[in-house]
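Please look over the model below before reading the numbered points.

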Amino acid sequence: MTSDDDYECDIIKPHDPHPVHGVGDLQPHHYAWILSGACAFVSVAISLRLIFQHLRHYHQPALQRHIVRILFMVPVYSIVSWLSFRFYQQSVYLDTVRDCYEALVIWEFYALLVEYLGGENEAPLVFDKKQRQPLPVPLCCCHVNPRRNHVLPKCKVGILQYVWIRPLMTIAAVVMQLMHMYCSGNLNPRWGYFHTSLINLLSASIAVYFLLLFYILAREELAPFNPVIKFVSIKFVIFFSFWQSLVVGFMIQSKVIRDTAYWSSDNIGTGIQNFLICLEMVVAAIMHLRAFHYGEFTTTGDQMETKTWRSLMDIWDFSDVWKHSVRSLTIPDDDEFEPPHIVMLESASLLPGRR
C-alpha cells in the first residue's frame, strides 16, 4: 500500500533553522555552503578570464559568438547553484535561469559546428559528399542518405526542440510550484517534478541523438577543430547534472535520503544537487580552457585588440537564434530515414534501381 508520506511534499520543515553567524556554531551545511561558494568563485574567475581574452581577440565573430555564449555556461551554473544551495526554498525559481541557459548552450554548440563547416550555405555541400550509412544506436537498423536534401535542417529541428521544450518545462515547474503541485526531487508520478523530468529526458535524448548524428556525418571535416573535447566539456556539465538530479530524486523516493528533525528530504536533495554542481564547475572551467582556448583567434603579432563592449553587444544579440527557430518550422517532407525492409531489399539486389 502507498503510505501517506508519498502524498506529502514537505518542502519547508516547520522548525527549519535560521542561518547561524557565529563561527563556533557553524553546522555541516554552513561548511558545505562556504566550500561551494569557494568553488563557484574559482570557476567563475577562470571562465571570466577566458571570456575576456576572447572578447579582446574577437576577430572571428561567426565562431566566437557561439564560443563565448557556451563559456558563460559555467558562471551561470556556478552562481545559480550557489544561490540555490543557500536559498533552497526559492531554488525552483532560481533554477529557471540555469535551465533556460542550458537549452541555449545545446543550440550554440550545434551552431558552432555548422560554422566550422563553413556556415549554413557551405555545410550542406559537406553532406552531399557522404554515402548512405546506418544511424547511430539504437536506430542502427535504419539508414540515412546524407546526399539527399534536408538532413541538415532535420538535425537542426531535432536540436532546437530542446531549446523550446526545456524553458517551457521550467515555466511549468514554476507554475506547479506556486500551486503546490511540483515537489522538486520527488519522482512520485503524483507530483509535477516526475512529469517535467520525463519530458526533459526525452527531449534531451532526442537533441543529443541528432547532435551525435550530425557529428558522425561530418566527423572527418570537423576533426581539425577537436570537436570531441568540446562536446565532452558541454555534455559533462549539462547531461551529467541532469542525470545527477534524477539519481538524487531516486534516492529521495527510495528513502535513501530521509527527513531529519530540521530538514526535509527535498531540502537535502536540493542541497546535494547544487553542492555537487558547484564542485563540478571547477572541472568544467578547466576543461573549457583546453576546449575553447582563445589562442587560435589571435592575429599575427597580436597587432590589434577588439573593444570588449562591442564584442559583448554582438554576443548578447540573440536574434540569430530566433531567426533559425522560425526558419526551421518549415521543412519539406523527405524520406532520408530508410526503414529496415527497404535496406534489406537493397542489400538483396531486389531493388536494382535504388542507390
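Which residues in H3 meet which residues in H4?

1. This is a predicted model, in which local features need pLDDT of at least 70, side-chain atom pairs count only at pLDDT 80 or more, and totals for chains, interfaces and linings use all residues. Residues are numbered from 1 along each chain as its sequence is written, and side-chain values use heavy atoms, with hydrogens and water left out.

2. From H3, the residues Met 73, Val 76, Tyr 77, Val 80, Ser 81, Leu 83 and Ser 84 meet Ser 91, Leu 94, Asp 95, Val 97, Arg 98, Tyr 101, Glu 102 and Val 105 of H4 (contact means heavy atoms within 4.5 Å). By class, this contact has nine nonpolar, three polar and three charged residues.

3. Helix H3 (residues 73-86) packs against helix H4 (residues 91-116) at about 165°, and their axes are 9 Å apart. The pair is therefore roughly antiparallel (angles over 145 degrees). Their crossing is left-handed (the near helix is turned anticlockwise from the far one by less than a right angle).

4. For helix H1 (residues 28-56) and helix H2 (residues 61-71), the axes come within 10 Å and cross at roughly 165°. H1 is therefore roughly antiparallel to H2. Ser 47, Leu 50, Ile 51 and His 54 of H1 meet Gln 64, Ile 67, Val 68 and Leu 71 of H2; by class, five are nonpolar, three polar and none charged.

5. Helix H10 (residues 265-291) has 27 residues and reaches 38 Å from first C-alpha to last, close to the 39 Å expected at 1.5 Å a residue (1.5 Å times one less than the number of residues). H10 bends by about 25° at Glu 280 (the angle between axes fitted to the seven residues ending there and the seven starting there).

Definitions and conventions
Helices (H or I, at least four residues) and strands (E, at least two) are DSSP runs, numbered from the N terminus. Axes are lines fitted to C-alpha atoms, for helices over the stretch in contact, and angles run from 0 to 180 degrees between N-to-C directions. Angles under 35 degrees count as roughly parallel, over 145 as roughly antiparallel, 65 to 115 as roughly perpendicular and the rest as oblique. Ala, Val, Leu, Ile, Met, Phe, Trp, Tyr, Cys and Pro count as nonpolar, Asp, Glu, Lys and Arg as charged, and the others, Gly among them, as polar.
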